[in-house]
Amino acid sequence: MTILPPDPDRTALRVNLARLRGERGWTFDELASRSGLARRTLIDLEHGRAAGTVTTWHALAHTFDVPIEHLLGPLCNDHTPPGTQSP
């Protein structure tokens with residue numbers, strides 16, 4: 001029997017993206033210009049219509065000047081992240 005991991009908390013992920021953008025006062029157009037990502041991609045990520053790729057989140061981490069873990073960490077908000085449980 002295969003044990004599947006818990007579902008990622010994509011709501012927390014998009015809320016985190018919106019918070020970071022809002023803290024900087026950036027519009028979608030400004031974030032698109034700074035990151036090199038399409039405005040539509042950013043809107044879809046922030047509104048939960050897309051999950052994005054590793055490349056997309058990597059570009060956003062560099063744009064916000066935060067570790068990628070800071071962006072992707074919220075995926076595990078509703079469960080214990082892998083590698084943190086005791087044996």
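**Salt bridges and a cavity in a predicted model**

The structure holds one cavity of 30 Å³ or more. This is a predicted model, in which local features need pLDDT of at least 70 and side-chain atom pairs count only at pLDDT 80 or more, while totals for chains, interfaces and linings use all residues. Residues are numbered from 1 along each chain as its sequence is written, and side-chain values use heavy atoms, with hydrogens and water left out.

Student: What volume does the largest cavity have?

Tutor: On a 1 Å grid over the protein atoms alone, a cavity is a set of points where a 1.4 Å probe fits but cannot get out, and lining residues have an atom within 4 Å of a point. Grid points are joined across faces, edges and corners, and the volume is the space filled by probe spheres set on the points. For the largest cavity, this volume is about 50 Å³.

Student: Which element gives the largest share of the lining of the largest cavity?

Tutor: The lining consists of Arg10, Leu13, Arg14, Leu45, Gly48, Ala50, Ala51 and Trp57. Helices are DSSP runs (H or I, at least four residues), numbered from the N terminus. The largest share of this lining, three residues, comes from α1.

Student: How many salt bridges are there?

Tutor: Side chains of opposite charge can pair when their charged atoms come close. A salt bridge is counted here when a side-chain nitrogen of Lys or Arg lies within 4 Å of a carboxyl oxygen of Asp or Glu. By this rule the count is seven.

Student: Which residue meets Arg21 in a salt bridge, and is Arg21 buried or exposed?

Tutor: Arg21, at 14% relative accessibility, counts as buried (under 20% relative accessible area; exposed is over 50% and partly exposed in between, with a 1.4 Å probe and protein chains only). The partner lies in helix α3 (residues 39–46) and Arg21 in helix α1, so the pair ties together parts that are 25 residues apart in sequence; Arg21 is buried, and its partner is Glu46.

Student: Which residues are linked with Arg19 in a network of salt bridges?

Tutor: Arg19 and Glu23 meet in a salt bridge at 2.7 Å, N to O. Being four residues apart in helix α1 (residues 10–24), they are separated by about one helical turn. Glu23 counts as exposed at 53% relative accessibility, whereas Arg19 is partly exposed at 35%. The network links Arg19 with Glu23 and Arg24.

Terms used. Helices (H or I, at least four residues) and strands (E, at least two) are DSSP runs, numbered from the N terminus. On a 1 Å grid over the protein atoms alone, a cavity is a set of points where a 1.4 Å probe fits but cannot get out, and a pocket is an open set with protein on both sides within 12 Å along at least five of seven lines; lining residues have an atom within 4 Å of a point.
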